[in-house]
Every structure is written in structure tokens, then in C-alpha cells.
Amino acid sequence: MTAVGDGSAARTLVLEARGLHKSYTVDRSDHLAIADISLEVAKGEFVCIVGPSGAGKTTLLRCLSGLMAPSGGVVLLEGSPIVSVPPEVGIVFQDYGRSLFPWLSVARNVALPLKVRGIPKTERTRIVGEVLSSVGLGDVAARYPWQLSGGMQQRVAIARSLAYKPELLFMDEPFASVDAQTRFELEDLILRVRNEFEVTVVFVTHDVDEAVYLADRVVVLSRPPATVKMVVEIPLSRPRDQLVTRADVEFAALRGSLLSLVMGH
Amino acid sequence: MTAPVTPQVKVAPSEPATSSRGRRIGPRTTKALISLGSLWLFALLVALWWLGSNNSHSSFFPPLRLTLIRFRQLWLFADVRTDLAPSLFHLAIGYAIASVLGIAVGALMWALPLLRQASSPVVYFLYVLPAPILIPAVLVLFGIGASMSVAIISFACVWPILLNTLDGMRGTDQLKIDTARSLGLSYWRRLWSVVLPGASPQIVAGLRAGLQVGIILMVVSEEVGSTQGIGFFILQAQENFAGTDMWTGILVLGVVGTVLNVLFVAGERFALRWYYGSRAAARER
């Protein structure tokens with residue numbers, strides 16, 4: 001693992017991207033989605049990635065997580081270059097309805113990554129029970145995902161990604177498809193399980209308020225071809241609270257400056 | 001180029017009906033009444049047949065009354081063992097072989113692009129070929145009897161199953177594949193645990209089409225190259241001018257076809273309840 005000293009304490013880097021770029025060929029013309037992106041994520045950090053619509057946030061997440069191979073540059077997970085999606089990585093997608101497998105019950109969905117890792121059945125059942133309780137879904141194990149509300153489905157998806165205790169969790173606008181109230185609940189949920197599971201989170205969102213509320217640092221992308229416009233530290237105190245933190249003067253200031261960065265002023 | 005048949009989804013009535021006296025009838029009773037009520041045309045046609053044939057003296061269009069009497073004599077249940085059971089047995093074996101081969105080869109064609117490229121022209125050519133055309137050739141290969149029937153039934157049934165399997169797998173939601181990759185599933189594990197289950201509604205549609213084809217070939221193959229079975233029975237009756245016998249054979253086929261379809265649909269409803277459930281839930285949103 002690469003260690004970086006920043007003067008006060010040595011941080012262990014979980015994720016490192018160096019000189020990433022990605023271009024697509026659309027109708028025989030090359031479209032450069034990501035121009036040159038380098039970033040670092042330290043262990044235990046909560047990093048949000050924001051940017052204007054179509055900025056390539058999702059493309060960046062796909063390259064960082066291993067779903068997509070970049071056209072150039074390298075992604076290192078705990079010091080080693082990644083090949084496809086590493087087993088220490090989890091990904092939560094925006095469209096929970098299509099991500100969850102409808103032919104499996106909630107319990108079986110959550111158990112699938114454990115089954116693949118050869119964990120025996122009794123152990124699987126125990127872990128599934130624990131992680132479903134952690135996300136507040138202790139009593140729906142036998143139901144099917146499509147029988148649940150949107151917020152509950154996304155909790156199942158989160159539980160499924162956390163079941164095998166990944167080092168690094170990527171989330172691609174995970175709360176964009178739920179209503180505002182549920183979104184607040186899920187934001188607090190992810191902060192809670194982040195501590196409980198000691199997982200590093202890289203969270204892509206178009207919602208600047210959400211990014212400020214959740215993050216330790218916010219990476220702001222420019223318009224395509226995307227580069228890192230700025231990285232903003234969020235020194236707000238933890239634990240965060242929907243009412244208290246959002247009423248904080250510093251919250252408004254950070255929100256304002258991030259918004260102007262994203263909107264390109 | 002394929003003929004994917006989408007599974008029918010029946011929507012249960014969302015509100016209970018009320019009888020003329022204003023009492024509420026439950027949704028299941030309503031459904032049952034609707035089903036019974038929809039048989040009125042069937043009953044009308046049977047009545048017309050009965051009346052229309054009643055005074056007939058033609059040996060090929062006997063009175064329905066006599067046909068039904070003969071039906072009871074032969075098929076409840078004396079001749080079932082000698083004449084019907086062998087046919088159904090051949091159908092079962094042939095269909096089973098076709099199902100396993102169709103799904104396995106379809107899945108392999110999906111998984112191995114080189115194989116798919118090479119075999120596609122052959123597959124599509126054989127798919128559109130009417131299987132009865134090949135009966136003489138199969139007869140030469142297998143001789144008269146059970147193996148010829150099973151062979152031609154398998155051959156005919158496999159194509160819709162194979163093509164619907166391939167089609168269903170190709171239609172897999174990319175997000176599910178990305179999810180599976182993120183959860184650590186290997187390529188073949190993804191094929192087995194994600195792509196095949198996701199394709200199963202389409203595969204079942206192919207199995208249903210295959211069943212229809214199988215029933216036809218079951219009869220036709222026996223008319224040409226067999227010494228037993230329901231097709232042979234009908235042919236023999238025809239050649240011996242036994243009109244009522246021939247018509248009982250036709251009735252038997254009607255009953256068998258209906259029963260097999262009902263059983264298939266019931267099985268499909270059970271196996272795909274996740275599919276019907278999730279579609280119903282999506283509609284309500």
C-alpha cells in the first residue's frame with residue numbers, strides 16, 4: 001500500500017488514479033469523455049465526485065471501479081493496477097430496480113456474492129441477517145425486491161454490496177431515483193454503515209447539497225473533456241445531522257462555492 | 001429473424017364485481033365465471049356439430065352422437081395404453097432431448113461468438129425448414145418405429161427452443177451484467193446465475209412453441225413411418241373407412257393438446273412467478 005505523508009499523519013491510499021483518459025468513438029468521430037484525471041482516495045475517506053451533467057462522472061466511476069478499461073492512464077487499488085472489477089470493490093448503481101435480481105429473494109440477492117466466494121450456507125445466512133439488520137431491513141429477507149418500496153430496494157442493494165466487506169464502495173448517483181425524504185434517510189444510512197463496516201466510499205452525485213453533507217472531500221469535474229477542476233475539503237464536524245449540519249453557516253458557504261464551481265462561474 | 005413469442009400476462013381484475021343483487025363477488029369467483037362464460041361459443045359450435053351431423057350417413061362425417069359413443073368405448077380408457085401412451089412417450093423423450101439440447105446449444109452460441117457466427121446460417125436454415133419434409137430422410141436413417149418418431153420430434157422442437165434461448169440471452173440487461181461483475185461473478189458464473197435466469201421468460205416462450213411443434217410431429221411421423229400410436233390409429237381408421245374411429249382419434253388429439261397446454265401454462269405460472277410478480281408491481285407504479 002502506498003503511504004502519503006501530508007505533514008500531520010500518514011494516510012494509506014486505497015485508490016489512486018494517474019493520468020486517466022477515456023475516449024469513445026461515436027459515428028466515426030472520437031469523443032473525449034475524460035481528458036486527464038488523477039486523484040487519490042485515502043482509507044476510510046468519503047469522497048464525492050460532482051460535476052455538470054454529462055461531465056463524464058459515470059464514465060469516471062466505471063473506469064475507477066474496473067467496469068471499463070480507460071484509454072490511457074492507470075488505476076491502482078492498494079498499490080496494484082486493477083484488472084476488471086477487483087473483489088475488494090463494491091458498486092451500488094442508481095437504478096436499483098434493474099440492478100437487483102428479481103428472480104431471487106432479498107436474502108438470496110444479498111447472499112449471492114457470499115456464495116460466489118465459497119462461504120458455507122450457515123455462515124451466509126448469519127451474514128445476510130446481520131447486514132440486512134444494519135440497513136434496517138431485518139424482516140424482509142424472504143420477500144422479493146419488487147415487492148418493496150424504492151428506498152427499501154436501494155437498501156437491499158447497499159446490503160448486497162456490503163455483505164462481502166469490500167474495501168472500497170463506489171456509488172453512482174444512488175439516491176437520485178428516490179424521493180427527497182427517503183434520500184435524507186439513505187444519506188444518514190450510508191454514513192452510519194460506512195462507519196460500521198469501515199469502508200472507503202467514492203460517491204458520484206449531481207446534487208451539490210448531498211455532496212457537502214456526506215463528504216470529507218469533494219472532487220469537482222469540469223465540462224467534458226473532464227478534468228479535475230478542484231478538490232474541496234469539507235471540514236464540517238461529524239457525525240453529520242440533517243438539521244444541524246445543513247443549518248451550519250459553513251455548510252451554506254461550501255455549498256455556494258461548490259455550486260459556482262460546478263456551474264462554471 | 002426469430003419468432004420470439006412473448007409470454008401472455010393475465011391481469012387479475014383489480015376490483016371485485018358485484019352481482020345483480022349488489023352483493024360483492026370475490027376476484028377468483030369472477031375469474032371462474034368469466035372462464036365459464038367464455039365457453040359459450042365452444043358450446044354453441046358443439047351443438048351445431050351435433051345437430052348438423054345427426055342425420056348424416058357419410059362414413060367420414062358420422063353423427064357426433066355415434067362418435068362420442070365410440071370415444072367412450074375406445075378411449076375411456078381401453079385403447080389409451082396401446083394407442084396413445086406410446087405417442088406421448090415418444091413426445092416426452094423427443095421434447096426432453098430438444099429442450100436440453102436447445103438450451104445448451106443456444107447458451108453456447110451466446111457465450112462463444114465464433115461458434116455463433118459459424119453456426120447461425122445453418123441454424124436459421126434448418127429452423128425454417130418444415131420438419132415433415134425430412135421424414136423420408138429420417139425414415140431411411142432410423143427405420144420405422146420409435147426412434148424415428150423421437151428423432152424427428154427432437155429435430156423439429158429444438159429450433160424454436162434454441163433460437164429463443166439465444167434471443168433471450170442477448171436481451172440481457174447490461175446493468176445486471178455490470179452488477180454481477182461488481183459482485184465478483186466470473187463469466188460462466190454470470191451466464192448461469194444471471195443471464196440464463198434473466199432469459200428464462202423468453203426461453204419458456206420457446207419451450208412452448210416447441211411443444212406445439214412437437215405435438216404436430218408426433219402425429220405426422222406416425223402417419224408415415226410407424227406401426228403404433230395415435231397418428232397411426234387415425235391413419236388406419238381412415239384407410240379402413242372407420243369414420244367414427246377416425247373422429248375419436250381427432251377428439252383425443254384435441255384433448256391431449258389442450259391438457260398439455262394447460263399443464264404447461266400452469267407450470268410456467270409457477271416457475272416464472274417472480275417474472276409475473278415483478279411485471280405486475282412495475283405496472284402499479
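Biologist: How many bridges join S8(A) to strand S9 of chain A?

Modeller: Happy to start there! This is a predicted model, where local features need pLDDT of at least 70, side-chain atom pairs count only at pLDDT 80 or more, and totals for chains, interfaces and linings use all residues. Residues are numbered from 1 along each chain as its sequence is written, and chains are lettered from A and ligands numbered from 1 in the order in which they are written. Strands (E, at least two residues) and helices (H or I, at least four) are DSSP runs numbered from the N terminus, two strands pair if DSSP finds at least two bridges between them, and S8(A) runs parallel to S9(A), residues 200–204, with the bridges numbering five.

Biologist: Which residue of S9(A) is the bridge partner of Phe170(A)?

Modeller: Phe170(A) points one way from S8(A), along with Leu168(A) and Asp172(A). Its bridge partner in S9(A) is Val202(A).

Biologist: And which strand pairs with S8(A) over four bridges?

Modeller: Here the pairing is again in the parallel sense. Gly90(A) has Leu169(A) of S8(A) as its bridge partner. The strand, residues 89–92 of chain A, is S7.

Biologist: Why is S8(A) largely enclosed by the rest of the structure?

Modeller: A residue is buried if 20 or more other C-beta atoms lie within 10 Å of its own, exposed if 12 or fewer, and partly exposed in between, with C-beta atoms placed from the backbone. Leu169(A) and Met171(A) point the other way from Leu168(A), Phe170(A) and Asp172(A), and all are buried. S8(A), residues 168–172, is largely enclosed because its buried residues number five of the five.
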